[in-house]
Amino acid sequence: MSSIHAAIQALFPNLLPIWAHLFTIVAIALLVLVALYKITAPPKSAKLEKMTTTEPRWVRWVLTTVALLFMLIFLILPLLSVFGEALRKGWDVYVTSLGEPDAISSIKLTLITALIAVPLNLVFGVAAAWCIAKYEFKGKAFLTTLIDLPFSISPVVAGLMYVLVFGANGWLGPWLAKHEIQIIFAVPGIVLATVFVTFPFIARELIPLMQAQGSDEEQAAIVLGASGWQTFWNVTLPNIKWGLVYGVILCNARAMGEFGAVSVVSGHIRGQTNTMPLHVEVLYADYQAAAAFAVASLLALLALVTLVIKSLAEWRAEQQARAAAEAPPERPGQISLATNKTAKAA
């Protein structure tokens, strides 16, 4: 152990002691696991019972341990450190930091931006997914590529695009100034930038789902006399509801945590155009670490809540899919009865 610790200090002399000890523990744990499962692995002549892979057992355990340690070091420990730093000076300082006017303003602006951007992306995502999955037309591949555009463009570049269009020296800047309309360095610019970076999430969740389901049920409903809105509300929406919920959750998480594009178009006006991520940056730059980590912990808490809701939505979708797969086939009489009910509803 001392030799490993000395080697770590020689390679990384500036590391904090806690990280040196952590890497030492990880290295020793890996060596112990490799030796343990090398000894306890079944002999080569033994029969493998329902194994999903052909690798030795110790290899699978080592890979699993490495993955878990990676998550511990790069995900769980930083998350815990955020809450630890936020509460280091006590609960009173934590609550006071979140109750400051600038912090409250950033929280309100973040929520307002999400409440505007997510419904807009919801409408666009459903419409785009319906169009791509249900119809064949020229330019379909190009439309799909455009939907993926925010994934390939840096958020900072996206913010600069809006500055070039709506800024004071941009294409529409003189006209907007003449009519006293301010978009850049104001809430509309923040909403536009957030909409741009988040609009692929819902569409990208729904397109493969709707393509896999096909359009047979919608065509049957139309043949029975249902209108387009009745077909969407009674046939399409129940089939895509969990995918829709999943896409909305991802879109909302990105909207609340967006930094790059919003940083360009906001102007960093404290108490007016600073969202929560921007407010964290301003506080940390002003050496107000406790307040910065307090707001950051609130963002992390929102992310954890989002993760829990996402997991529940996935679990519910899997439960319904399993129940549908295990359900007995309907009898001809039940099928005709359901058809008559659908026709009457239409």
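Helices (H or I, at least four residues) and strands (E, at least two) are taken here as DSSP runs, numbered from the N terminus. I note that this is a predicted model, in which local features need pLDDT of at least 70, side-chain atom pairs count only at pLDDT 80 or more, and totals for chains, interfaces and linings use all residues. Residues are numbered from 1 along each chain as its sequence is written, and side-chain values use heavy atoms, with hydrogens and water left out.

**Entry 1. The chain**

I then checked burial, where buried means under 20% relative accessible area, exposed over 50%, and partly exposed in between (1.4 Å probe, protein chains only). Of the 346 residues, 32% count as buried. For contacts, I required heavy atoms within 4.5 Å. Among contacts with a separation of 6 or more, 69% come from residues 24 or more positions apart.

**Entry 2. Two loop residues**

I looked for positive phi outside glycine. Glu180, in the loop between helix H9 (173-178) and H10, has a phi of about 55°. Glu180 counts as exposed because its relative accessibility is 75%. Tyr287 lies in the loop between H15 and H16, and its phi is near 65°, again positive in a residue other than glycine. Tyr287 is likewise exposed, at 77% relative accessible area.

**Entry 3. Helix H16**

The 38 residues of H16 (289-326) should span 56 Å, and the end C-alpha atoms are 54 Å apart, so the two agree. I listed its buried residues, among them Ala290, Ala294, Val295, Leu299, Thr306, Lys310 and Ala313. An α-helix has 3.6 residues a turn, so residues three or four places apart point the same way. The buried residues of H16 pack against helices H3 (57-86), H4 (91-98), H5 (101-134), H13 (228-257) and H15 (276-285).

I also looked up Leu304, which is found in H16. Leu304 counts as partly exposed because its relative accessibility is 32%. Leaving aside residues up to four places away in sequence, Leu304 touches Leu79 and Phe83. Leu304 and Ala253 are 51 residues apart in sequence, with 9.9 Å between their C-alpha atoms.

**Entry 4. H4 against H16**

I took axes as lines fitted to C-alpha atoms, for helices over the stretch in contact, with angles from 0 to 180 degrees between N-to-C directions. The axes of H4 and H16 come within 9 Å and cross at roughly 75°. H4 is therefore roughly perpendicular to H16, given that angles under 35 degrees count as roughly parallel, over 145 as roughly antiparallel, 65 to 115 as roughly perpendicular and the rest as oblique. In H4, Val93, Tyr94, Ser97 and Leu98 meet Ala290, Ala291, Ala294, Val295, Ser297 and Leu298 in H16. This contact of H4 with H16 holds eight nonpolar, two polar and no charged residues, where Ala, Val, Leu, Ile, Met, Phe, Trp, Tyr, Cys and Pro count as nonpolar, Asp, Glu, Lys and Arg as charged, and the others, Gly among them, as polar.

**Entry 5. H5 against H10**

The axes of H5 and H10 (residues 187-198) come within 9 Å and cross at roughly 50°. H5 is therefore oblique to H10. On the H5 side I found Leu109, Thr113, Ile116, Ala117, Leu120 and Asn121, which meet Val187, Ile190, Val191, Thr194, Val195 and Thr198 in H10. By class, the contact of H5 with H10 has eight nonpolar, four polar and no charged residues.

How values were computed:
The expected span of a helix is 1.5 Å times one less than its number of residues.
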